[in-house]
Amino acid sequence: MWDLNRFTLPEIESYDRLKRNFLLDDVYNAIGNLNVEKIVYMEVNLIEEQKYSEARYIIETCERGDNPVCAAFIGGSPLSWSFRDYVSLFKHAKQIKGVRHVLHPQFIKRGTCLEGGFVDNVRFLGDIGLRFCICIRPSELSDAVKLADLCPGTSFILDHCGNAVPAIVKDPAAEDEYGSGIFRHGRDQWLRDIEELAKRNNVVCKISGLLFKTAADSITPEFLSPTINHCLDSFGPDRVMFGSNWPVCTLSATYEEWVGVLREVVRNRSDEDNRKLFYRNAARIYGL
């Protein structure tokens with residue numbers, strides 16, 4: 001959710017359809033009849049000066065008790081000199097489950113997450129019981145593997161299937177089409193890096209974010225299943241979680257359409273595995 005009367009989101013400037021408020025009423029319209037019981041808010045990469053205000057805003061939303069939002073990941077930069085003081089403000093806030101710092105913008109240099117101060121502060125998150133959400137360029141997933149090894153006491157959530165481009169995962173020839181830009185990656189490299197990350201017991205994978213990098217006419221189970229199934233098979237049924245990436249997903253499809261495609265991809269998996277994917281794992285991993 002975001003309220004543009006209160007917050008500034010630089011990332012949406014290129015997307016006219018996202019340059020409006022997305023509030024609780026919009027959430028209710030989006031989830032329709034899907035029986036969504038609880039919602040975990042994900043920080044929206046606001047300008048640095050507003051991250052604390054965003055955290056307070058979402059804590060207050062959770063505390064109201066009149067909506068399904070029950071927990072949140074807040075924004076924060078592990079390279080900031082004040083990072084430890086900042087996150088310590090929330091170590092006793094039961095609604096705050098962790099921190100995300102988006103690492104895929106073009107201006108962020110490769111290897112940022114392996115700098116000494118960054119690593120030390122991500123370790124500190126583990127010390128105070130908070131998680132770190134990995135949102136990184138897919139070509140740099142090997143850095144995420146190293147970060148997980150350097151911070152064994154911190155729990156990590158890999159965002160958006162490692163930001164894979166489904167066209168590349170399905171067809172290596174598609175790499176030419178995506179030969180530039182922040183999401184450029186190799187098919188074999190992504191497959192291998194996901195498998196390596198999955199060997200780290202302190203990492204789980206969020207099945208989300210695929211629609212943003214997929215043309216609307218390609219949002220089908222057949223097109224998306226290679227990416228989804230590789231993550232599901234690599235991490236196993238106990239370390240994967242559904243994520244909507246709403247409202248960004250609306251650039252290509254509705255919340256309900258994304259759920260429908262994912263359900264179709266996993267329809268041959270057991271009922272128990274589906275319950276874990278769509279509900280139980282999030283409740284357990286986030287401590288809801």
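Guide: First, some terms: an axis is a line fitted to C-alpha atoms, for helices over the stretch in contact, and angles run from 0 to 180 degrees between N-to-C directions. Helices (H or I, at least four residues) and strands (E, at least two) are DSSP runs, numbered from the N terminus. The model is predicted, with local features needing pLDDT of at least 70 and side-chain atom pairs pLDDT 80 or more, while totals for chains, interfaces and linings use all residues. Residues are numbered from 1 along each chain as its sequence is written, and side-chain values use heavy atoms, leaving out hydrogens and water.

Visitor: At what angle do the axes of α5 and α8 cross?
Guide: Helix α5 covers residues 141-150 and helix α8 covers 187-198. Their axes come within 9 Å of each other. The crossing angle is roughly 10 degrees.

Visitor: And how many residues in the contact of α5 with α8 are charged?
Guide: Contact here means heavy atoms within 4.5 Å. On one side are L141, S142, A144 and V145 of α5, and on the other W190, D193, I194, E196 and L197 of α8. Ala, Val, Leu, Ile, Met, Phe, Trp, Tyr, Cys and Pro count as nonpolar, Asp, Glu, Lys and Arg as charged, and the others, Gly among them, as polar. That gives 6 nonpolar, 1 polar and, for charged, 2.

Visitor: Which way does the crossing of α9 and α10 go, left-handed or right-handed?
Guide: Helix α9 (residues 221-235) packs against helix α10 (residues 255-265) at about 70 degrees, with the axes 9 Å apart. That makes α9 roughly perpendicular to α10. A crossing is left-handed if the near helix is turned anticlockwise from the far one by less than a right angle, and right-handed if clockwise. This crossing is right-handed.

Visitor: Which residues in α10 do those of α9 meet?
Guide: By class, the contact of α9 with α10 holds 7 nonpolar, 2 polar and 1 charged residues. From α9 come P221, L224, S225, I228 and N229. Their partners in α10 are W258, V261, L262, E264 and V265.

Visitor: On to the sheet: which are the edge strands?
Guide: Seven strands make an open sheet in the order β1-β2-β3-β4-β5-β6-β7, with parallel pairing; two strands pair if DSSP finds at least two bridges between them. Going from one strand to the next, the twist averages 30 degrees. Two strands pair on one side only, and those edges are β1 and β7.

Visitor: What is the bridge partner of Y41 in β2?
Guide: Strand β1 (residues 39-42) and β2 run parallel, paired over 4 bridges. The partner of Y41 is A72.

Visitor: Which residue does I134 stand opposite in β5?
Guide: Strand β4 (residues 131-134) pairs with strand β5 (residues 156-158). The two are parallel and share 3 bridges. Opposite I134 stands L158.

Visitor: What is the relative accessibility of H104?
Guide: H104 sits in the loop between β3 and α4. Leaving aside neighbours within four places in sequence, H104 contacts E11, C135, I136, R137, N163, I182 and F183. H104 counts as buried because its relative accessibility is 11%.

Visitor: Is H101 buried or exposed?
Guide: H101 is in the loop between β3 (96-100) and α4 (116-127). Not counting residues up to four places away in sequence, H101 touches G76, S77, P78, I108, F118, F132, C133 and C135. With a relative accessibility of 17%, H101 is buried.

Visitor: What is phi of N35 near?
Guide: N35 lies in the loop between α1 (24-31) and β1, and at 69% relative accessibility N35 is exposed. Phi is positive there, in a residue other than glycine. The value is near 60 degrees.

Key:
Angles under 35 degrees count as roughly parallel, over 145 as roughly antiparallel, 65 to 115 as roughly perpendicular and the rest as oblique. Buried means under 20% relative accessible area, exposed over 50%, partly exposed in between (1.4 Å probe, protein chains only).
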